[in-house]
Amino acid sequence: MIFASDLDQTLIYSQPLERVTELGNLIVPSELIDGRVKSYMSLRSYQMLQKLMTELLFIPVTTRTLDQYARVHLFSQMLKPAYAVTSNGGNIIVQGKPDLDWHASILARRSESSVPAQDVENIMGRVLSPEWVIGSRYCDELFFSHVVDRAKMPLQDVVDMGKELQKMGWNTSIQGRKVYIVPHAVNKRDAVAHIKQLTGEQKVVASGDSLLDQVLLDFADYAIAPRHGELFRQEQLHPTFMYTFTDASGIFATDEIMAYVQERQSDISKFLLIKEPS
C-alpha cells in the first residue's frame with residue numbers, strides 16, 4: 001500500500017517559541033533554515049511513521065520546490081523515502097534524484113493543456129498589487145506562488161481572476177497567506193498515480209489539508225484530512241461528507257492520521273492473509 005501525504009500543515013508545522021517550550025520533547029524539529037528550526041513534527045507521529053515505512057511505501061507529496069523539500073531534513077535526510085513528490089506534482093524524486101523524464105513529460109503536457117506562463121503573468125499584472133502582495137515566485141519554472149496580506153487582498157477580484165485563468169488551463173488556489181496559480185497538468189494526483197503504476201502497489205491512502213491536496217484525496221482509496229486548513233473550511237461551508245477528518249486540529253492531528261493509516265494497513269494485511277491458500 002502507498003501512503004501519500006502532504007507535508008506542511010498535515011505532517012509538519014511551524015510553532016511559536018512559547019508553544020515549542022510548552023510542548024518540549026513531544027515534538028521534534030523537521031526543518032532547518034540557516035541553523036534555525038522552521039517546523040516541527042509530533043514525536044509520536046514520527047515514530048509511527050518510521051514503523052509504517054517498514055510495512056508500506058510512504059511518499060511525501062508537497063507543493064514545496066525541490067530546494068524547499070531538501071531542507072526538510074527529517075524527511076529528505078533521515079527518513080529518506082524511496083519516492084517523493086515535490087513542486088505540486090511537477091517533480092518526482094527517486095532515490096534522492098529528480099526524475100528528469102517525468103519532469104519533461106509534465107512540461108509537454110502543460111504546453112498542451114495550458115496557455116504559456118507569460119500570458120498568465122499579463123493577467124496577474126492587472127489584478128495583483130504591491131499594496132497586498134508581499135512576495136512572488138515562479139516555482140521550479142512550473143507554477144506561481146504569491147504571499148499576500150489577506151486583510152488587504154481584494155478577494156472577489158482574485159476569484160474573478162481565477163475564473164478567467166481556469167479557462168486558460170490554470171487553477172487558482174487561495175490558502176491562508178498564499179495564492180497559488182498552477183497549470184492543470186501540475187497536480188499531486190497524476191504524480192502519485194505514476195508511482196503507483198511503477199511500483200505495482202494496489203491501494204493508496206492519502207492525507208492533506210489544502211485544496212491542492214483535494215485531487216489526491218479524491219484519487220486515493222482511503223483519505224483523511226486534519227481538522228484545519230482550506231479543505232476543512234470548504235467542507236464546513238459546502239458539506240460533501242466525502243472526507244474523514246481528525247478530531248484534533250494542529251500538530252497533534254498527525255497522530256490521528258498515522259493511526260488511521262496503520263488501521264488501513266492492518267486491514268489490508270488481514271485481507272491478504274485470508275486470501276492466501278492454506
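**Helix packing and pocket**

Tutor: In this predicted model, helices α6 and α7 cross in a right-handed sense. Helix α6 covers residues 117-127 and helix α7 covers residues 155-166. On the α6 side, the contact is made by V120, I123, M124, R126 and V127. Helix α7 contributes D157, V158, M161, E164 and L165. By class, the contact between α6 and α7 holds seven nonpolar and three charged residues, with no polar ones.

The largest pocket has another make-up: its lining divides into 16 polar, 13 charged and five nonpolar residues. The volume of this pocket is about 1,000 Å³. Of the 34 residues that line the largest pocket, D8, Q9, Q175, K178 and Y180 lie nearest its centre. At least two lining residues come from each of the strands β3 (36-42), β8 (133-139), β9 (143-148) and β11 (178-183), and likewise from helix α10 (229-237).

Conventions. Residues numbered from 1 in each chain as written. Predicted model: local features only at pLDDT ≥ 70, side-chain atom pairs only at ≥ 80, totals over all residues. Heavy atoms only, no water. Axes fitted to C-alpha atoms, helices over the stretch in contact; angles between N-to-C directions. Helix = DSSP H or I, 4+ residues; strand = E, 2+ residues; numbered from the N terminus. Left-handed = near helix turned anticlockwise from the far one by under 90°. Contact = heavy atoms within 4.5 Å. Nonpolar A, V, L, I, M, F, W, Y, C, P; charged D, E, K, R; others polar. 1 Å grid on protein atoms, 1.4 Å probe; cavity = no way out; pocket = protein on both sides within 12 Å on 5 of 7 lines; lining within 4 Å. Points joined across faces, edges and corners; volume = space filled by probe spheres on them.
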